[in-house]
Amino acid sequence: MLWIQIDKTIEMPLIHQVYEQIRKNILQGELTAGERLPSTRELSSNLGISRNVILEAYEQLFTEGYIEGKQGSGTYVAEGATLHLTEKSHTPSFLDMHEAKEETTNLIDFRPGIPSLDMFPRNIWGKISKQICEDTSNSVFGYDSPEGRVELRHILARYLKRTRGVHCHPDQLVITSGATQALSLIADLLLSEGDEVLIEDPITHEIQTIFTTPGSTLYPIPVDEHGIKTDYLPSKKKPSFIFVTPSHQFPIGGTLSIQRRIQLIQYARKVNCFIVEDDYDSEFRYQGGPVHSLQGLDPDKVIYIGTFSKILSPALRLGYLILPLSLAKSCRNLKWFMDLHTPTLQQLTIARFIDEGHLERHIRKMKKIYKSRRDHIKKCLTKEFGKKVKILGDSTGLHLVAEFQNVEFSARIIQELSKKYNVQVYPVELHTIEKGKHKNKIILGYGNLTMKEIEEGINRFKQGIIQLRNG
């Protein structure tokens with residue numbers, strides 16, 4: 001007996017709905033070998049859909065061997081098409097996934113590093129993308145160079161020199177599929193088993209994972225409100241490189257002073273290693289303009305990482321590396337083996353977006369919006385907690401750190417806040433290498449939250465903390 005459910009409200013084509021359900025019934029043995037299927041006319045009439053839909057679904061099943069036709073007698077389930085699946089190995093079908101409705105909650109998520117997604121310049125981006133598709137040569141739709149489009153590299157080199165004090169030739173630039181790929185390329189270029197990396201502590205947990213994957217080890221250097229504490233750089237180490245976020249330390253938020261920058265460069269020269277500078281969100285600086293890059297002080301010693309994920313959207317998957325020329329060729333080769341090249345049309349769109357001034361206008365606009373959100377979250381924290389909260393690292397970017405008196409943000413408390421109070425916050429301790437020094441601090445991202453969500457989120461957070469501490 002064949003029973004099929006058709007749902008015309010979902011995006012899945014009717015042909016696929018019919019095909020998936022018959023295929024699933026055959027695989028699971030609900031339709032057995034030799035069993036006769038309804039004719040295409042009969043099934044289309046029963047389901048109230050076009051006979052052509054049934055014909056195409058049957059044709060696909062026939063091509064794949066699930067069914068067979070017998071001259072003059074109809075369509076039957078083929079022999080050997082049953083595969084009994086265990087519970088553990090069961091994989092939902094396409095239709096199952098459509099039937100599972102997305103769970104909606106009113107969770108307020110203070111995730112850091114997410115820009116305001118509703119403010120993405122869709123109209124301008126869409127117009128440029130359309131122009132690129134219509135005007136560009138056919139060759140653009142083929143394979144491209146691993147280092148990225150020459151147009152983008154030239155435009156980006158000029159833009160970064162003007163806005164960030166970066167000094168590079170376009171040949172030193174490698175366009176990547178996001179900052180994560182840039183970090184992975186650095187790990188592949190510079191790290192082997194047994195190597196050591198000097199790194200800020202705390203620092204993004206994912207970065208720690210990337211840099212330890214080759215079998216290398218991390219040597220943590222503590223940070224304060226002025227960034228990495230250069231006095232703690234070890235005199236007898238030979239690191240492969242030093243990793244820093246000097247313009248806006250993640251997550252504590254400090255900006256590295258010129259004195260410490262000079263000390264860091266002098267140390268790298270002395271031990272003959274590179275410095276890797278991750279400049280992930282310094283465009284959004286609320287006191288004065290962006291701090292000039294560390295790379296501009298010593299282009300031969302500093303590898304610079306940038307991304308458009310925080311400025312525009314993580315969905316673009318566009319980042320870049322600036323390397324000393326001695327590493328550029330090796331990096332291009334590695335990039336080719338990773339993914340051949342970053343999507344060409346995206347590169348050409350961002351190149352024109354920058355060249356026509358849209359990026360800088362967008363940054364100016366968003367700085368005002370993010371500053372308002374930052375000021376509002378600070379106001380809400382002060383209102384709810386008074387002197388019991390200290391705010392750190394709020395001069396730049398899309399997050400700040402809140403330090404509380406007599407509170408330890410254990411995994412249980414973080415989980416309960418999310419589950420019972422519908423507010424998600426992020427402990428600094430998650431990103432530490434040496435544990436136990438930042439248990440009373442949380443990261444609060446505000447880039448993708450409205451004023452109302454910020455206020456409600458801090459209120460929920462306060463109610464949760466009170467109840468969980470008393471409980």
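Predicted model: local features only at pLDDT ≥ 70, side-chain atom pairs only at ≥ 80, totals over all residues.
## Threonine 40

Threonine 40 belongs to helix 2, which covers residues 40–47. Leaving aside residues up to four places away in sequence, threonine 40 touches Arg51, Ile54, Leu55 and Tyr58. With arginine 51 there's also a polar contact of 2.9 Å between the two side chains.

Next up is an open sheet of three strands, arranged in the order 1-3-2 with antiparallel pairing. Strand 1 (36–37) and strand 2 (67–70) sit at the edges with a single partner strand each, so one side of each has no neighbour in the sheet.

How many bridges link strand 2 and strand 3? Four bridges join them, in the antiparallel sense, with strand 3 spanning residues 74–77. Looking at one pairing, lysine 70 has glycine 74 in strand 3 as its bridge partner. Helix 3 (residues 51–63) packs on the sheet and touches strand 1, strand 2 and strand 3. The direction of helix 3 makes about 105° with that of strand 2.

## Helix 6 meets helix 12

On the helix 6 side, Tyr159, Arg162 and Thr163 make the contact, while helix 12 brings in Leu359, Glu360 and Ile363. Sorted by class, that contact has three nonpolar residues, two charged and one polar.

Conventions:
Residues numbered from 1 in each chain as written. Heavy atoms only, no water. Contact = heavy atoms within 4.5 Å. Helix = DSSP H or I, 4+ residues; strand = E, 2+ residues; numbered from the N terminus. Nonpolar A, V, L, I, M, F, W, Y, C, P; charged D, E, K, R; others polar. Pairing = 2+ DSSP bridges. Axes fitted to C-alpha atoms, helices over the stretch in contact; angles between N-to-C directions. Polar contact = N/O pair within 3.5 Å; in protein donor to acceptor, adjacent residues only side chain to side chain.
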